[in-house]
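Let's go through this structure together, one feature at a time. Keep the 3D view open while we talk.

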Amino acid sequence: MSPDAPRTSGPAASIGNLIRRPEFGTLIGTIVVYVFFASLGGKVFLGAPGWSAFLTMAAEVGIIALPVGLLMIAGELDISVGAVVPAAALTCALVSGHYDLPTWYGVLAGLAVGLMIGFINGYLVSRTAIPSLIITIGTMFGTMGLTLGLTVLIAGSTGVFMTPDPVAKLMLGESINFMFRVTIFWWLGFALVIYYLLHVAPWGNWVFALGGDRDSARNAGIPIRRVTISLYMLSGFAAAFVGVSQVLTFGSAQVAAGQAFIFNSIMCVVIGGVLLTGGAGSVVGIVLGTLTFSIVNQGIFFSGLDPNYGSIIIGALLLIAVMSNDTFRKLALSYVTKK
């Protein structure tokens with residue numbers, strides 16, 4: 001290197017590289033919304049009640065948003081997660097509540113339902129030319145219909161109660177000091193595993209390749225069908241996990257539950273900087289996007305604002321996040337090109 005060449009190392013370079021990352025816009029958004037609602041919510045929002053509220057919401061939405069984000073990076077969508085959550089919860093409640101089998105039988109049955117629906121989605125998407133949006137909408141309504149029909153046929157109602165095993169409840173449905181749900185730690189565990197899969201393991205390169213150019217990925221020898229099926233099975237498993245944890249926490253399951261997870265998870269992913277067209281995104285961004293979304297939702301309650309303004313704030317946040325993430329992405333790309 002020439003002595004006159006500019007140096008690209010040191011604290012200044014590190015800060016510059018951080019600013020150019022697409023997740024930087026999401027990080028700024030997270031800090032801004034937290035400071036804003038903290039100023040309105042006061043000590044209650046800054047204390048344990050506020051943190052437990054938005055972290056609990058972030059954990060449930062975040063567990064689903066992580067694999068949904070992987071699918072969107074790969075250029076696919078999964079709308080069926082909203083039906084998998086109640087289907088898995090009711091399966092667990094029917095097996096361990098209605099039929100009074102051991103709790104872990106119900107847990108495994110509920111998770112199996114999610115894996116099965118995920119496999120069906122992945123198989124249909126990889127074997128047909130039908131868009132994933134249409135396929136997962138179809139499986140969503142099919143799952144909803146089967147869940148409602150079988151629950152009424154077996155239990156005679158749209159809700160089922162169960163008393164979970166103490167060990168199962170401790171692991172999947174317990175609350176620390178009656179505030180912090182154990183699912184928060186599961187969310188962190190999911191994030192670490194998916195971070196490794198996407199950003200460390202070679203499998204992550206395949207996911208990015210699918211979202212970038214599917215034909216080129218196929219020509220490069222990437223097993224696109226196997227990757228697609230595994231992505232949908234991971235999404236179904238995550239949604240089923242949330243459903244099972246809910247029934248173990250509250251001791252009951254209802255048919256009319258889970259629909260909010262569809263758009264909430266997609267919003268968290270988009271706020272986190274994942275492109276709707278696929279090929280770009282990160283686990284860190286998805287986690288930050290989930291935190292931002294949850295802080296806004298719970299901050300409205302703690303700040304005493306009119307809940308009717310919640311949708312306006314979230315909609316504006318989504319648009320601002322998309323524009324800012326796009327700006328930081330262009331900045332990063334222009335920097336790489338110049339370099």
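Q: Which residues does T151 touch, not counting residues up to four places away in sequence?

A: A contact means heavy atoms within 4.5 Å. By that rule, T151 touches L90, L94, G156, S157, T158, V160 and V255. You'll find T151 in helix 6.

Q: Before we go on, what kind of model is this, and how are residues numbered?

A: This is a predicted model, with residues numbered from 1 along each chain as its sequence is written. Local features need pLDDT of at least 70 and side-chain atom pairs count only at pLDDT 80 or more, while totals for chains, interfaces and linings use all residues; side-chain values use heavy atoms, with hydrogens and water left out.

Q: Is T151 buried or exposed?

A: Buried means under 20% relative accessible area, exposed means over 50%, and partly exposed is in between, with a 1.4 Å probe and protein chains only. T151 has a relative accessible area of 2%, so this residue is buried. Across the chain, 50% of the 339 residues count as buried.

Q: How many helices and strands does the chain have?

A: Helices (H or I, at least four residues) and strands (E, at least two) are DSSP runs, numbered from the N terminus. Here there are 14 helices and four strands. As for how the chain folds back on itself, take the contacts with a separation of 6 or more: 78% of them are between residues 24 or more positions apart.

Q: Which residues touch the most other members of the largest nonpolar core?

A: A nonpolar core is a set of buried Ala, Val, Leu, Ile, Met, Phe, Trp, Tyr and Cys residues joined through side-chain atoms within 4.5 Å. The largest one here has 90 residues, and L66 and W187 touch the most other members. Helix 3, residues 48-73, gives the most to this core, with 16 residues. Leaving aside neighbours within four places in sequence, W187 is in contact with L55, A58, A59, G62, I63, L66, V287, T290 and L291.

Q: What about the outside: which residues form a nonpolar patch on the surface?

A: Patches are made of residues with over 30% relative accessible area and no salt bridge; like charges are joined within 9 Å, and nonpolar side chains (Val, Leu, Ile, Met, Phe, Trp, Tyr) within 5 Å. Accessible areas come from the Shrake-Rupley method with a 1.4 Å probe, and for residues only the protein chains shown count as cover. This patch is formed by Y99, L101, W104, Y105, L146, L150, L153, I154, V167, L170, M171 and W186, which together have about 1,200 Å² of accessible area. Helix 5 (103-127), helix 6 (132-155) and helix 7 (166-172) are the elements that give two or more residues to the patch. Helix 6 supplies the largest share, four residues. W186 is in helix 8, residues 183-200, and counts as partly exposed because its relative accessibility is 31%.

Q: How many salt bridges are there, and which residues are involved?

A: A salt bridge is a side-chain nitrogen of Lys or Arg within 4 Å of a carboxyl oxygen of Asp or Glu. The count comes to one salt bridge. R181 pairs with E60, their closest N and O atoms being 2.9 Å apart. The pair links distant parts of the chain, 121 residues apart: R181 is in strand 3 (residues 180-181) and E60 in helix 3. R181 is buried, with a relative accessible area of 7%, and E60 is buried too, at 14%.

Q: How should I read aromatic pairs?

A: A pair of aromatic rings is described by the distance of the centres and the angle of the planes. Rings of Phe, Tyr and Trp (its six-membered ring) pair if their centres lie within 6.5 Å; planes under 30 degrees apart count as stacked, over 60 as edge-to-face and the rest as tilted. The whole structure has ten aromatic pairs. One of them joins F36 and F37: the ring centres are 5.0 Å apart and the planes are at 80 degrees, so the pair is edge-to-face. F36 is partly exposed at 43% relative accessible area, whereas F37 is buried at 2%.
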